[in-house]
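Have the structure open as you read.

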Number of protein chains: 2
Amino acid sequence: MNRAHNAPPLSLNTVTVKEKWGLAQCIEGCARQGIPGISPWRDVLHAMGVEAAARHIRDAGLVVTGLCRGGMFPAADAAGRAAAIEDNRRAIAEAAALGAQCLVMVCGGLPPGSKDLPGARAMVREGLEAILPEARAAGVTLALEPLHPMTCADRSVLSTLGQALDLCDALGEGVGVAVDVYHVWWDPELAAQMARAQGRIAAFHACDWLVPTTDLVFDRGMPGDGVIDIAALRRMAEAAGYAGFTEVELLSRRWWGEDPEDVLRIIRERHAATH
Amino acid sequence: MNRAHNAPPLSLNTVTVKEKWGLAQCIEGCARQGIPGISPWRDVLHAMGVEAAARHIRDAGLVVTGLCRGGMFPAADAAGRAAAIEDNRRAIAEAAALGAQCLVMVCGGLPPGSKDLPGARAMVREGLEAILPEARAAGVTLALEPLHPMTCADRSVLSTLGQALDLCDALGEGVGVAVDVYHVWWDPELAAQMARAQGRIAAFHACDWLVPTTDLVFDRGMPGDGVIDIAALRRMAEAAGYAGFTEVELLSRRWWGEDPEDVLRIIRERHAATH
């Protein structure tokens, strides 16, 4: 069943070509390739300058589907946690300056040396509570992104969509979820939690799970090269009221080695074929 | 808080030293080191012969805490699924011959080329239903082992303790769960599901999650070298009525390279220190 004719709008996450292109090249590449959305990481944003980037993106007619990333709240001491909160405040201001549809939150792993998972989860909640007033005032949606459980120790103690929605329930207005198929496809509760997410999906990210997967972070697959039924997950998101972009975010040593122009072209083709 | 004086009984899973020791050496090593339990994989069991192994283990006074492993039900066609069920029937007979406390079930991943995760999960359930009469007749408990979500594509579509307990509820008598801390430690539902597991924990496995983890299968850590609060998880299991062995199961290229005698000694020390 080919529904390429009505595939949702596509967005490029800049990490996908980070080894060869800065933000200006990503903006120009999206414009050339007819990709209408972009989602920058903060490192390339800072390298270009926030004001210049906002102007350049606006001039190219692109939608900023998200800013990557806030979060990383847990830290070994109070000073570390306060520094993380300060950095999140800057990220909120940057997301507002870009008119980003959300600030993607990668919440952070265990503090170094810690085995206290409930404690780290409490730090995440406290961090979110601390920055939520600024986010609301700036009109920036915090998109809580559950990350695959294999990242729990060092990147995200927020591991499932259900857990993210529990946090949304607790935090209230201004908080949603970012659903990345790579992180949630395995979850036996996924269909139920996607239905529960009604109206709260702020971003939808796609890539694929390769068999075998040879690295816990940098071996994501191009959509269509793995085992994730991306179209089925997109349908779940749409049934939950999401009508926005599909953002392709690849962290992949293999694809980082290719010509970015080819990567964008292949993403366009695969996006049409997997939706 | 050192509770080494009342650490639970220890069992050695033979895969931990599989590169250098066969089953006879494992049995003798456990006896020498004062490790009272053993859990063989079927490859080393077949190499020794089931009857010889059963006799040798009995003579050494060891408890067989499990046989690894049954499962692997999903297959691309009916013939493949029937072959899996036949193999599981042989595994049940072997577990009975050994007097094993359970047959550990690693349920299997997606069939090759498939993206149909609900379909694979249905195959697992159908496979379990097919072999359950033999298991009950033989008095062999099927211990459903949820495996880490990073193994969902190629090893186990059974990913969480909650999902395993749902299967237990559906299947009834003769089915329990194997809780391996490596596979479940990240789960935000863990405490609730461990409480729900009351009376149904058939095995408790320990190793550790290393930071960083460099391989999705063969980089498990020695207890104490990682971030898992093993003692806390053991307490949850005990609160759910489990009073059995802690079985140490390491799949680790690093530890496979060491002298097995040293590995067993270190496991004994770490077992005492992490319980």
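## A tilted pair of rings

B:Phe218 counts as partly exposed, because its relative accessibility is 24%; here buried means under 20% relative accessible area, exposed over 50%, and partly exposed in between, with a 1.4 Å probe and protein chains only. B:Trp256, with a relative accessible area of 8%, is buried. This is a predicted model, in which local features need pLDDT of at least 70 and side-chain atom pairs count only at pLDDT 80 or more, while totals for chains, interfaces and linings use all residues. Residues are numbered from 1 along each chain as its sequence is written, chains are lettered from A and ligands numbered from 1 in the order in which they are written, and side-chain values use heavy atoms, with hydrogens and water left out.

Over all chains, a search of the whole structure finds nine aromatic pairs (rings of Phe, Tyr and Trp, the last by its six-membered ring, with centres within 6.5 Å; planes under 30 degrees apart are stacked, over 60 edge-to-face and the rest tilted). The rings of B:Phe218 and B:Trp256 have centres 5.4 Å apart and planes at 55°, so this pair is tilted. B:Phe218 lies in the loop between β8 (201-206) and α9 (230-239) of chain B, and B:Trp256 in helix α10 (residues 253-256) of that chain, so the pair ties together parts 38 residues apart in sequence. Helices (H or I, at least four residues) and strands (E, at least two) are DSSP runs, numbered from the N terminus.

## Charges over rings

B:Arg254 lies over the face of B:Trp255, at 3.8 Å from the ring centre.

## A helix with a kink

At the start of α5(B), a side-chain oxygen of B:Asp116 comes to within 2.8 Å of the backbone nitrogen of B:Gly119. Further along, a kink of about 40° lies at B:Ile131, shortly before the proline B:Pro133; the bend is the angle between axes fitted to the seven residues ending there and the seven starting there. Buried residues of α5(B) include B:Leu117, B:Met123 and B:Ile131. After α5(B) comes B:Gly139, whose phi is positive, near 70°.

## A buried tryptophan in chain A

A:Trp185 is found in the loop between α7 (181-184) and α8 (190-196) of chain A. With 5% relative accessibility, A:Trp185 counts as buried. Together with A:Tyr182 and A:Trp209, A:Trp185 forms one aromatic cluster. Not counting residues up to four places away in sequence, A:Trp185 touches (heavy atoms within 4.5 Å) several residues, among them A:Leu233, B:Leu110 and B:Leu117.

## A buried threonine

Is A:Thr65 buried or exposed? A:Thr65 is buried, with a relative accessible area of 3%, and lies in the loop between β3 (63-64) and β4 (67-71) of chain A. Its side chain has a polar contact of 2.8 Å with that of A:Ser11, and another of 3.0 Å with that of A:Glu247. A polar contact is a pair of N or O atoms within 3.5 Å; within protein, one must be able to donate a hydrogen and the other to accept it, and residues adjacent in sequence count only if both atoms are side-chain atoms.

How values were computed. Lys NZ or Arg CZ within 6 Å of the ring centre and 35° of its normal.
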